Protein chains: 2
Amino acid sequence: MENRIYLDNAAASRTDPEVVRAMLPYFDEIYAVASSQFSHTPGILAREALDRSREILARRIAASPEEILFTSGGTESNNLAVKGAAWAARGGKKHLVCSKIEHPSVLHSCQWLEKQGFGLTTVRVDGEGFVDLDHLEKSIRPDTLLVSIQHGNQEVGTIQPLDRIAGICRKKGALLHTDASFSFTQADLDLSVIPADLVTLSAHRIHGPKGIGALYVRKGTPIEKMMHGGYHEYNLRSGTENVAGAVGFARAVELSGARETARIRALQRRLFERLAAAVDDFRINGPEDMESRLPGNVNVSFDRVEGESVVLHLDMKGISVITGSACFSRSLEPSAVMMAMGFSHERAHGSIRFTLSRFNTEEEMDRTAESSRDVVEALRKISPLSK
Amino acid sequence: MENRIYLDNAAASRTDPEVVRAMLPYFDEIYAVASSQFSHTPGILAREALDRSREILARRIAASPEEILFTSGGTESNNLAVKGAAWAARGGKKHLVCSKIEHPSVLHSCQWLEKQGFGLTTVRVDGEGFVDLDHLEKSIRPDTLLVSIQHGNQEVGTIQPLDRIAGICRKKGALLHTDASFSFTQADLDLSVIPADLVTLSAHRIHGPKGIGALYVRKGTPIEKMMHGGYHEYNLRSGTENVAGAVGFARAVELSGARETARIRALQRRLFERLAAAVDDFRINGPEDMESRLPGNVNVSFDRVEGESVVLHLDMKGISVITGSACFSRSLEPSAVMMAMGFSHERAHGSIRFTLSRFNTEEEMDRTAESSRDVVEALRKISPLSK
């Protein structure tokens, strides 16, 4: 894998060797369960490591440690937020609102609750992926329990104006959940300013390990557990705590910061510029304004070629990217996100997502633009869609 | 932690250094998501590792790889089995049966479904923790959807006669789920012989990492997913696959076997014998017949002392054990398992669980018996319960 250029970091990023190093003692030295803190010293050591990790996450979003629950990942956090809030309402409010471009773990959770008798309204987005705030406001009814609007989009990188969204939810009396799986540490999120009630955080997109995530639950937010069993995680998430995972997650948060984000932003700008210089006829998918776009996200559609073919040819040149959404990569359906943004089937099918990380280099951006040009030109020559 | 004697392996065991070694490449070398196998080479490598791990687990219980779903652990597997089967029944059969000594993740899942309108019958156990098979048979009604009976008990180590239990369930037309979290690789489980439909497997009790488990789902068993999102794990468990965790789980399975089990059995026998020689007036909790007891489980109640005090004094001597169940260690309730076995409050409160692993030694068993004697004698001298 030495010379490969890995540009699928929004799916999963390299676990930072420093993160791995931080985790190692929690495999074969301090391995007791954290809930045995009242029984023995190894349990106390595990508990301390878990609590330190919780504090590091909390501090990053201006939350209290007891507002952070560790879960198995973003998907579980999204399920717990949506279903847990719905169950806690106990037949009172029975209406949910989410955007049309939510991650499937939010959208399908809402749709599942719809089958159980909840109402669901999905809010429109514009051509750059921004939620239609008027439609959002009109969609929230007196019986709306929860609004779930993501922070940053998984495919096109659109960063939603969470302050305005939270303001609308507060004004209309609905809880706000935001899925920050793709934006955490990469876009600002200060919960002392933004009154979101539930926030999903994920580790493996910021060089933490897979199998660990977190859910922020603002103090007093009514939520019922999804996984029953022991009294772990403030009795909101049963199951032996993944201490090594939590420690790795926290270390990844510590290693991420403004300097890293600035570096990734520069790479993003460079890749967009180099692509523009090298390839004719492509469209940028998602916001043109880079400040409203996740720093690592470069998403484009090359006219007159299939995204699938570009992906496979780039892989042969050692460059890893995807078309559409990673979660749907087996499906021939066009990206639901792009259809909601009003794209044609061709543009959606032709989309290529490059997602960058701090382990990428300027030279890799240049090679990626050149390889993209070579692949697209070769494919266009044999394409029935050629002009 | 050098000279400590760790005897809380049924809560969590040391991740074997060989398991850690097997996992390492899946943190910072092969870190793509396994569902990107159709997009790029790193995804193919992740998928291959995941599938190899699945095969290793399947082979151990005579299952097919596509009958194994990876989850975040035993608690999730138990929740998915019980709730997933209930949801899949879609208002048809609405009655559940479980034993009174199931792990809280099974018991509380059943009780939660009870609140949603399902019926629940809990089956009695005898003084050694064996399920009352007559009561089981009588409890299964024509509308019984699922029976959930554990393989080995978490506290007293009782191994249930799964062949007879499965026979009863088959005869009466109910699905059988068995929680093998505490028995997997330590007690035989051949699913080509025993017709269980759903089986929970856990990694961190057999020197695998925390945060990974599995659920066996026999081909054709109706089950609905609990975590919605992408189409992972045969579309029965959404969420980015924890490849490193799965690889570690599989390596732990490979490292466990008849030789290890025989070694642990010998340590178990030795600790029981040494305790009998050193300490007066104690009762064995769980089966007297060692063949019906999980190999690593030694559970006793010392008369006229509080289990809590024994645990804390043993910790001061560097020995890690628990009283009652780890999942309830913060609670002052007596163990639900022991109350169901008909024990007095005193006996339940006085119970000490020593759980052994292949990393323990004969010398440790001897020191543990001696320290137990010293602690119990000292406590008895100051106990108001003294004769």
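Modeller: Let's start with A:Gly211, which is buried, with a relative accessible area of 12%. Keep in mind that this is a predicted model.

Colleague: What makes A:Gly211 count as buried?

Modeller: Buried means under 20% relative accessible area. A:Gly211 has 12%, so the label is buried. You'll find A:Gly211 in the loop between strand 7 (198-202) and strand 8 (213-217) of chain A.

Colleague: And what does A:Gly211 touch, if we skip residues up to four places away in sequence?

Modeller: A:Thr71, A:Ser72, A:Asn242 and B:Asn242. As for A:Ala49, that residue is 162 residues from A:Gly211 in sequence, and the two are 17 Å apart in space, C-alpha to C-alpha.

Colleague: Now B:His207. Is that one buried or exposed, and how do you know?

Modeller: Buried: the relative accessibility of B:His207 is 4%, and the cut-off is under 20%, so the value qualifies. B:His207 is found in the loop between strand 7 (198-202) and strand 8 (213-217) of chain B. It's also got a positive phi, about 70°, although it is not a glycine.

Colleague: A:Asn235 has a positive phi too, I gather. Why is A:Asn235 called partly exposed?

Modeller: The relative accessible area of A:Asn235 is 35%. A:Asn235 lies in helix 8 (residues 232-235) of chain A.

Colleague: On to helices. Why are helix 4 and helix 5 of chain A called roughly parallel to each other?

Modeller: Helix 4 (residues 74-88) and helix 5 (residues 104-115) of chain A pack at an angle of about 30°, with their axes 8 Å apart. Angles under 35 degrees count as roughly parallel, so this pair gets that name. Helix 4 of chain A passes helix 5 of chain A in a right-handed crossing.

Colleague: Which residues meet there, between helix 4 of chain A and helix 5 of chain A?

Modeller: From helix 4 of chain A, the contributors are A:Thr75, A:Asn78, A:Asn79, A:Val82, A:Lys83, A:Ala86 and A:Trp87. They meet A:Ser105, A:Val106, A:Ser109, A:Cys110, A:Trp112 and A:Leu113 in helix 5 of chain A. By class, the contact of helix 4 with helix 5 of chain A has seven nonpolar residues, five polar and one charged.

Colleague: What about helix 10 and helix 14 of chain A: how do you know they are roughly parallel?

Modeller: The axes of helix 10 and helix 14 (residues 362-382) of chain A come within 9 Å and cross at roughly 30°. The limit is under 35 degrees, so they count as roughly parallel. Helix 10 of chain A passes helix 14 of chain A in a right-handed crossing. Residues of helix 10 in this contact include A:Arg270, A:Arg274 and A:Ala278, and those of helix 14 include A:Glu362, A:Asp366 and A:Arg373. The tally for helix 10 with helix 14 of chain A is six nonpolar, two polar and five charged residues.

Colleague: Which residues does A:Ala278 touch?

Modeller: A:Ala369 and A:Arg373, not counting residues up to four places away in sequence. A:Ala278 lies in helix 10 (residues 258-278) of chain A.

Colleague: What makes helix 11 of chain B oblique to helix 14 of chain B?

Modeller: Helix 11 (residues 307-316) and helix 14 (residues 362-382) of chain B pack at an angle of about 130°, with their axes 10 Å apart. Roughly perpendicular covers 65 to 115 and roughly antiparallel needs over 145, so this pair ends up oblique. B:Ser309, B:Val310, B:His313 and B:Leu314 in helix 11 meet B:Ser371, B:Ser372, B:Val375, B:Val376 and B:Leu379 in helix 14 of chain B. The contact of helix 11 with helix 14 of chain B has five nonpolar, four polar and no charged residues.

Colleague: Last one: how many residues does the largest nonpolar core have?

Modeller: That core has 125 residues, and those with the most contacts inside it are A:Leu136, A:Phe249, B:Leu136 and B:Phe249. Its largest share, nine residues, comes from helix 9 (residues 243-255) of chain B.

Methods
Residues are numbered from 1 along each chain as its sequence is written. Chains are lettered from A and ligands numbered from 1 in the order in which they are written. This is a predicted model: local features need pLDDT of at least 70, side-chain atom pairs count only at pLDDT 80 or more; totals for chains, interfaces and linings use all residues. Side-chain values use heavy atoms; hydrogens and water are left out. Axes are lines fitted to C-alpha atoms, for helices over the stretch in contact, and angles run from 0 to 180 degrees between N-to-C directions. Helices (H or I, at least four residues) and strands (E, at least two) are DSSP runs, numbered from the N terminus. A crossing is left-handed if the near helix is turned anticlockwise from the far one by less than a right angle, and right-handed if clockwise. Contact means heavy atoms within 4.5 Å. Ala, Val, Leu, Ile, Met, Phe, Trp, Tyr, Cys and Pro count as nonpolar, Asp, Glu, Lys and Arg as charged, and the others, Gly among them, as polar. A nonpolar core is a set of buried Ala, Val, Leu, Ile, Met, Phe, Trp, Tyr and Cys residues joined through side-chain atoms within 4.5 Å. Buried means under 20% relative accessible area, exposed over 50%, partly exposed in between (1.4 Å probe, protein chains only).
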